[in-house]
Amino acid sequence: MNDAIDSNGCNQPALQEQIAALEQQLAKMQKLAALGELVSTTTHEFNNVLMTILNYARMGLRHKDEPTRDKALEKIMAATQRAAKITSTILAVARNRSESFEPTNLKQIIEDALVLLERELTKYRIGVEAHLADVPQVMAMGNQIQQVLLNLLINARQAMPTGGRLIIRLEHDAAADTVDLIVRDTGCGIPADKLPRIFEPFYTTKTGPDETGKGGTGLGLASCRKIVEAHCGRIRVESTVGKGTQFTIKLPVAKR
């Protein structure tokens with residue numbers, strides 16, 4: 001039997017295949033864009049680390065007394081450990097993980113994301129409260145969930161241009177057999193009339209790029225919902241203008 005042709009002469013199965021292929025390409029481009037943003041953010045942090053190492057190395061060379069040299073070496077050691085942590089985290093994000101679902105530690109994903117965004121959050125005077133309970137692993141593709149988390153954290157930072165608090169919680173809902181990842185900010189909030197549309201493709205509440213060059217295309221939250229639903233999970237948003245926004249992601253616990 002021939003494939004169905006609609007009234008416009010389109011081969012529907014072929015069109016669906018093209019749409020699926022374009023969606024895959026878009027997902028890859030978004031992943032590269034997210035990685036590019038992280039590299040841009042952490043490049044400045046690396047520069048700060050290198051300047052710290054350079055300055056304390058000079059101090060150690062100028063001063064011959066043992067206490068000063070010990071202090072310089074301790075500062076250099078701390079800076080190199082910080083650089084190593086940033087490098088290993090970026091590599092963890094960049095490397096190709098399995099495309100299949102596997103038991104995943106959400107706590108580690110959260111800690112990695114905070115390492116990558118530490119400088120940016122500090123720059124905008126945003127305090128971070130992380131309440132990460134010991135929870136079961138979830139069935140997930142780690143890189144995809146990290147993309148979702150980074151998107152939510154960057155959105156939260158942009159909602160607090162003059163500073164604020166970012167609260168991240170990790171909880172186990174035993175009754176629902178899910179792990180709940182909660183991201184809450186004390187930012188500007190989302191108007192009630194716009195809230196129902198924030199997960200629509202190409203819809204954005206942002207007016208354009210901020211001073212860091214990051215702005216809304218409307219694709220971020222739509223992609224987040226698609227990723228979460230592909231994990232058999234749910235994403236919910238609550239927001240009050242002037243008080244802030246909270247996203248809750250519920251992911252199923254990995255079965256033993």
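Reply: Gladly; let us begin with the surface. The accessible surface of the protein chain comes to about 15,100 Å², and carbon and sulfur atoms own 55% of it. Areas like this come from the Shrake-Rupley method with a 1.4 Å probe, and for residues only the protein chains shown count as cover. Keep in mind that this is a predicted model, where local features need pLDDT of at least 70 and side-chain atom pairs count only at pLDDT 80 or more, while totals for chains, interfaces and linings use all residues. Residues are numbered from 1 along each chain as its sequence is written, and side-chain values use heavy atoms, with hydrogens and water left out.

Me: How many helices and strands does the protein chain have?
Reply: Helices (H or I, at least four residues) and strands (E, at least two) are DSSP runs, numbered from the N terminus. Here the protein chain has five helices and seven strands, in the order α-α-β-α-β-β-α-β-β-α-β-β along the sequence.

Me: What share of the 256 residues is buried?
Reply: A residue is buried under 20% relative accessible area, exposed over 50% and partly exposed in between (1.4 Å probe, protein chains only). In this chain, 37% of the 256 residues are buried.

Me: Which residues of the largest nonpolar core touch the most other members?
Reply: The general idea is that nonpolar side chains tend to be buried together in soluble globular proteins. A nonpolar core is a set of buried Ala, Val, Leu, Ile, Met, Phe, Trp, Tyr and Cys residues joined through side-chain atoms within 4.5 Å. The largest one here has 41 residues, and Leu153 and Leu166 touch the most other members. Helix α4 (residues 142-158) gives the largest share of this core, eight residues. Leaving aside neighbours within four places in sequence, Leu153 is in contact (heavy atoms within 4.5 Å) with Ala113, Leu114, Leu117, Leu166, Ile168 and Val183.

Me: Among contacts between residues at least 6 apart in sequence, what share joins residues at least 24 apart?
Reply: In this protein chain the share is 70%.

Me: How many aromatic pairs does a search of the whole structure find?
Reply: Two numbers describe such a pair: the distance of the ring centres and the angle of the planes. Rings of Phe, Tyr and Trp (its six-membered ring) pair if their centres lie within 6.5 Å; planes under 30 degrees apart count as stacked, over 60 as edge-to-face and the rest as tilted. The search of the whole structure finds one pair. Its partners are Phe199 and Phe247, edge-to-face at 6.4 Å centre to centre with 85° between the planes. Phe199 is in the loop between β5 (178-185) and α5 (220-230), and Phe247 is in strand β7 (residues 244-252), so by the DSSP numbering the pair links distant parts of the chain, 48 residues apart. Phe199 counts as buried at 11% relative accessibility, and Phe247 is buried as well, at 9%.

Me: Where does the charged end of Arg157 sit?
Reply: A charge sits over a ring if NZ of Lys or CZ of Arg is within 6 Å of the ring centre and within 35 degrees of the ring normal. The charged end of Arg157 sits over the ring of Tyr124, 4.3 Å from its centre.

Me: What does the side chain of Thr104 reach?
Reply: A polar contact is a pair of N or O atoms within 3.5 Å; within protein, one must be able to donate a hydrogen and the other to accept it, and residues adjacent in sequence count only if both atoms are side-chain atoms. Thr104, in strand β1 (residues 102-104), reaches the backbone oxygen of Glu102 at 2.8 Å with its side chain. The backbone oxygen of Ala140 lies 3.2 Å from a polar atom of that Thr104 side chain. Thr104 is buried, at 9% relative accessible area.

Me: Is Arg165 buried or partly exposed?
Reply: Arg165 counts as partly exposed, at 41% relative accessibility. This residue of strand β4 (residues 164-173) has a side chain joined to that of Glu129 by a polar contact of 2.9 Å.

Me: Where is Cys232, and what is its phi?
Reply: Cys232 follows α5 and has a positive phi near 60°, although it is not a glycine. Cys232 is exposed, at 68% relative accessible area. Asp177 also has a positive phi of about 60° without being a glycine; Asp177 is in the loop between β4 and β5 and is partly exposed at 28%.
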